[in-house]
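Colleague: I have the file open. Can you walk me through it?
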Amino acid sequence: MQPWGRRLRWITGRLAGALLVLLPCASRAQRRAQDPAGYLDDLGNQVTDWPVNPAFKEDVFTFARLRYQTGGFGGGFGRGGGRGWTDDTPLADTMLAFRVHQITSIAVRPGLNPIDITKEDLARYPFVYIAGVGRIALREDEVASLRDYLLNGGFMMVDDFWGDSAWNHFAGELKRIFPRREPVELTLDHPIFHAVYNFKSKPQMPTAGVYSNFGILYDPNYDYNVMTHDPHYFALYDDKGRMMMLICHNNHYGDGWEHEGDDPTYFHAISEGMAYPMFINILVYAMSH
């Protein structure tokens with residue numbers, strides 16, 4: 001068992017009573033739009049941190065973002081490449097941590113928490129996040145570390161890549177990790193879409209600028225020749241049927257968190273309506289299955 005096995009059970013136990021005090025936060029986010037670098041509490045004071053009990057500093061949920069090198073087909077805007085692991089940092093991470101802390105009773109570590117793809121770093125976190133994988137280039141030691149982590153109970157959420165080229169590149173890296181496992185596309189009746197919030201369609205988080213300029217949920221700047229521009233959710237399972245990885249293709253959760261304060265329409269439709277609720281669903285599902 002990984003060193004975080006007991007902590008995972010402790011955090012999971014907290015989830016049972018954590019989740020029906022969610023998202024009463026629209027007015028706070030609208031006030032925060034005047035101060036996009038921080039947060040405002042109910043009195044209008046800026047909040048950038050909160051205390052974590054030192055005795056339980058390892059028994060809190062940490063939103064751990066994976067660092068990696070890029071390469072591949074060149075990427076760039078319009079090619080599915082993105083900015084790599086730093087995309088939407090630091091505000092997406094600090095905002096997500098703040099919202100999970102604010103709107104649930106889950107104990108959460110504040111701030112940006114990037115980690116390397118090493119056995120030592122991965123062993124500290126049962127849930128990790130990786131973004132902008134359209135040009136990811138894993139080293140051989142990282143391939144081995146991820147394989148070991150996922151097969152030993154870890155969970156990885158993959159986000160922020162669009163179109164066929166980015167999918168094909170990431171799928172090639174995935175084959176290096178698990179040559180004989182195939183990702184399975186999830187249908188809407190899968191429990192992950194209903195774990196806490198009941199989604200009637202698969203959520204799709206658009207890039208904030210695209211939504212503001214065109215009012216659409218997909219990014220039109222990428223190649224959709226084989227796979228449609230609809231949101232595609234793929235799962236990778238271990239031999240016991242446990243979901244090890246959720247791949248959110250044609251989605252940009254990071255923008256849903258980073259840009260919640262841009263305007264009230266984006267906040268209500270995307271951040272409040274999908275980005276935070278679906279993340280809560282993913283977290284609860286990952287920690288309880």
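Modeller: Let's start with a helix contact. Met95, Leu96, Arg99 and Val100 in H3 meet Tyr276, Phe279 and Ile280 in H9. Bear in mind that this is a predicted model.

Colleague: What classes of residue make up the contact of H3 with H9?

Modeller: Six nonpolar residues, no polar ones and one charged residue.

Colleague: At what angle do H3 and H9 pack?

Modeller: About 70°, with the axes 11 Å apart. Angles from 65 to 115 degrees count as roughly perpendicular, so H3 and H9 are roughly perpendicular to each other.

Colleague: Back to Arg99. What does Arg99 form a salt bridge with?

Modeller: Glu260. The closest N and O atoms of that pair are 2.6 Å apart.

Colleague: Where do Arg99 and Glu260 lie?

Modeller: Arg99 is in helix H3, and Glu260 is in the loop between H8 and H9. The two are 161 residues apart in sequence, so the pair ties together separate parts of the chain.

Colleague: Is Arg99 buried or exposed? And Glu260, buried or exposed?

Modeller: Arg99 is buried, at a relative accessible area of 1%. Glu260 is buried too, with a relative accessible area of 1%. The cut-off for buried is under 20%.

Colleague: How many salt bridges turn up in the whole structure?

Modeller: A search finds 10. One of them joins Arg176 and Glu140, at 2.8 Å from N to O. Arg176 sits in helix H6, residues 163-177, and Glu140 in helix H5, residues 140-151. That pair links distant parts of the chain, 36 residues apart.

Colleague: How accessible is Arg176? And is Glu140 buried or exposed?

Modeller: Arg176 counts as partly exposed, at 26% relative accessibility. Glu140 is exposed, with a relative accessible area of 58%.

Colleague: Which residues are linked with Arg139 in a network of salt bridges?

Modeller: Asp141 and Glu142. The side chains of Arg139 and Glu142 meet at 3.3 Å, N to O. Arg139 is partly exposed, with a relative accessible area of 42%. Glu142 is buried, at 3%.

Colleague: Change of topic. How many residues are in the largest nonpolar core?

Modeller: It has 44. Phe127, Met157, Trp257 and Phe279 have the most contacts inside it.

Colleague: Which elements give two or more residues to this core?

Modeller: Among the helices are H3 (91-103), H7 (208-214), H8 (253-258) and H9 (264-288). The strands include S6 (127-131), S8 (155-159), S10 (232-237) and S11 (243-249).

Colleague: Which element gives the most to this core?

Modeller: H9, with 14 residues.

Colleague: And Trp257? What is Trp257 in contact with, leaving aside neighbours within four places in sequence?

Modeller: Phe63, Ala92, Met95, Leu96, Tyr129, Met157, Ala275, Tyr276 and Phe279. Met95, Leu96, Tyr276 and Phe279 also take part where H3 meets H9.

Colleague: Last one, the overall picture. How many helices and strands does the protein have?

Modeller: Nine helices and 11 strands. Of the 289 residues, 55% count as buried. Take the contacts with a separation of 6 or more: residues 24 or more positions apart account for 75% of them.

Conventions: Residues are numbered from 1 along each chain as its sequence is written. This is a predicted model: local features need pLDDT of at least 70, side-chain atom pairs count only at pLDDT 80 or more; totals for chains, interfaces and linings use all residues. Side-chain values use heavy atoms; hydrogens and water are left out. A nonpolar core is a set of buried Ala, Val, Leu, Ile, Met, Phe, Trp, Tyr and Cys residues joined through side-chain atoms within 4.5 Å. Buried means under 20% relative accessible area, exposed over 50%, partly exposed in between (1.4 Å probe, protein chains only). Helices (H or I, at least four residues) and strands (E, at least two) are DSSP runs, numbered from the N terminus. Contact means heavy atoms within 4.5 Å. Axes are lines fitted to C-alpha atoms, for helices over the stretch in contact, and angles run from 0 to 180 degrees between N-to-C directions. Angles under 35 degrees count as roughly parallel, over 145 as roughly antiparallel, 65 to 115 as roughly perpendicular and the rest as oblique. Ala, Val, Leu, Ile, Met, Phe, Trp, Tyr, Cys and Pro count as nonpolar, Asp, Glu, Lys and Arg as charged, and the others, Gly among them, as polar. A salt bridge is a side-chain nitrogen of Lys or Arg within 4 Å of a carboxyl oxygen of Asp or Glu.
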